[in-house]
Amino acid sequence: MGIVAGLDSSSAFTRIVVCDTDSGAVLRQGYAPHPVDPKATEIDPQAWLLSLGEAAAGGLLEGVQAIGVSAQQHGLVPLDQQGGLVRPALLGNDKRAQVAAADLIDALGGRQAWAEAVGSVPQAALPVAKLRWMARSEPNAAQRVAAVLQPHDWLVWQLLGRPARRTTDRGGASGTGYWSAGTGSYRADLVELALGHQCALPEVLGPADAAGTTPEGLLISAGTGETMAAAFGLGVGPGDAVVSLGASGSVMAVHHEALADPSGMITSYADATGMHLPVVHTLNAVRALRGAAEMLGLDDLDALSDLAMKSTPGSSGLVLLPYLEGERTPRLPHTAGTLSGLRRESMRPEHLARAAFEGMLCSLADAMDVLRSRGVEVRRVFLLGASAGLPAVQSAAPGVFGAQIVVPQPADYAALGAARQAAWALGVSQGTLSPAAPPVWQAATVQVLEPGEDAAVGQAVRQQYSATRDQLHPGAFTAATGGPEGAAGAGASGPLG
C-alpha cells in the first residue's frame with residue numbers, strides 16, 4: 001500500500017485529498033480558500049501557492065509518495081525570459097478577450113477553419129484569445145512574453161522547484177486553442193497569429209507520465225484541467241456522458257477519437273486517460289429554473305421543484321425554450337426564451353414550474369444529440385450539480401435523456417482524479433502498473449435512475465419540445481446535428497397536452 005495526494009486548485013479554493021493507492025479510499029483531506037475575490041478576472045499566482053500551503057498544513061502530506069495537480073482551466077500565466085511573471089495571470093472568467101476571439105476567427109478564415117485546426121473555436125476564455133487581447137491591449141507586456149503556462153502547469157512547475165523543463169498534459173493543452181487533440185500537436189503558428197511572435201510552450205506529457213521528482217523524492221504527475229480530473233475521479237468511460245447543471249450547462253462524453261465539428265459547436269478536449277472528451281455547451285441551464293422561481297414568487301429551487309411535481313409530464317402543453325441569454329446549442333446568439341402552448345387550462349403555476357425543468361433538460365438533451373449525431377455512444381448519463389438532486393429533475397431526466405441516469409454523491413472529484421493520476425504515475429515508475437491502464441479505484445457512491453416505463457413519456461416530452469423549437473427556429477437544430485432530428489428525439493409518439 002502507498003499514499004498519494006490530489007490537489008484541486010479551483011477558481012476559489014484549494015482542496016487536497018490524501019488517498020490509498022490501491023483502493024482510492026480517502027485518508028485525509030484539506031481545504032483553504034484563495035486569498036482573493038472569487039470573481040476576480042486576474043490574479044497573482046502566488047495566491048494559489050498560499051492557499052495550497054494552508055490546505056496542506058498540519059502534516060496533511062506526511063507519508064505521501066506522489067502528488068497530482070488539478071486546476072481551473074483556461075487561465076493564462078505569461079512568463080518572461082527569466083521565468084518571471086509578465087503580468088498577473090488572466091483567468092477563464094475574464095471576458096475582455098471577446099473581440100480578440102472574434103478577430104482570431106476571422107484571421108484564420110472562420111469557425112470551420114479553427115475547428116479543423118485545433119478542435120475548438122476561439123472564445124474569450126481560451127488562452128489563445130487572451131494572447132491576442134494582450135497583443136492588442138498591452139503590447140509592451142505582450143512583447144516580453146517568452147513562455148506561457150496554464151494554472152496547473154504553473155503549479156506543477158512550482159512544486160518541482162521551477163526547473164528548466166516545463167510540462168502540461170493532453171487535457172490541459174486541449175483547452176488552449178493552439179493544441180489539437182486530433183493530431184496531438186501544437187499549432188505554434190496560431191500562437192504567433194495571436195501574440196505576434198513565437199514563445200515557449202510546455203511539453204505535453206502522456207496520461208501516466210511523471211512531470212518530475214522533487215529533491216525530497218516526491219513524484220509529481222502530469223496534472224490536468226479540472227474537467228478532465230473530475231471525469232477521471234468519477235470513473236467515466238466509453239458509453240458515459242456527463243451533464244453539468246450550472247447556471248449554464250454542458251454535456252461531455254468519453255469517445256475514442258477527437259471530433260472536428262465544422263460548426264464549432266463541439267469543443268474537442270482530450271481526457272486524462274488517453275481518450276477524448278468532446279463537449280457541447282449551452283448558455284442556459286439552472287438560470288432558467290431561477291428565472292421561473294422568481295417569476296412565480298418562490299424562494300428557492302426546492303419550492304419550484306415541489307410545485308412542478310404537482311403538474312404532469314408535458315406540463316399541460318406548456319413548452320419553455322430556455323434561451324434566456326441567447327444560446328450556443330443551437331447557435332442562436334441573439335434570440336430570447338419563449339413560453340409556448342398557453343391555453344386557459346395550462347395557465348397554472350405548477351405547469352410553468354414543470355415546463356422550466358423540462359425545457360432545461362430538453363435543451364441539454366439537444367446538446368447530447370449533437371454528440372450522438374457524430375457517433376458518440378451514450379448509455380449512462382452522470383448528472384452533476386446541486387440541482388441534480390431535485391425531485392423534478394430526477395423524475396424527468398431518465399425519460400428525456402433516454403438513458404440510465406447516475407447521480408453521484410457530492411465529493412471532491414477533481415481532487416480525487418488528480419490523486420488517481422498520481423497513483424498511476426507512481427505505479428508506472430515502480431513497475432507495478434501499466435501506462436495503458438490506470439489503477440482501478442472504488443466507484444463513486446451513486447443513485448441510479450432508470451427510464452423504465454417513463455421512456456415513452458419522456459420521448460413524447462422531447463417531441464413536444466422539438467416541434468416548438470423547430471417551429472420558432474426552423475433549421476437551427478438540424479444545422480447543429482447534420483440530420484433531421486436528434487437521436488433521442490426521434491421516434492417519439494407525439495406531442496403531449
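In this predicted model, helix H8 spans residues 188-195, and four of its residues, Leu 190, Val 191, Ala 194 and Leu 195, are buried. Viewed around the helix axis, these residues cover an arc of only 120°, which puts them on the same side of H8. Just after H8 comes Gly 196, whose phi is positive, at about 100°.

Strands of a sheet pair through backbone hydrogen bonds, and the pairing can be parallel or antiparallel. Here, 7 strands form an open sheet with mixed pairing, and reading across it gives the order E18-E19-E17-E16-E22-E23-E24. The edges are taken by E18 (266-270) and E24 (446-449); each has a single partner strand, so one side of each is left without a neighbour in the sheet. From one strand to the next, the twist averages 25°.

Strand E18 runs antiparallel to E19 (residues 276-282), and 5 bridges join the two. Within this pair, Tyr 269 stands opposite Leu 277 of E19. The sheet also has a helix packed on it: H12, made of residues 349-372, touches E16 (239-245), E17 (249-253), E18, E19 and E22 (378-384). The direction of H12 makes about 35° with that of E17.

Methods: Residues numbered from 1 in each chain as written. Predicted model: local features only at pLDDT ≥ 70, side-chain atom pairs only at ≥ 80, totals over all residues. Heavy atoms only, no water. Pairing = 2+ DSSP bridges. Axes fitted to C-alpha atoms, helices over the stretch in contact; angles between N-to-C directions. Contact = heavy atoms within 4.5 Å. Buried < 20%, exposed > 50% of the residue type's maximum accessible area, 1.4 Å probe, protein only. Arc of directions from axis to C-beta.
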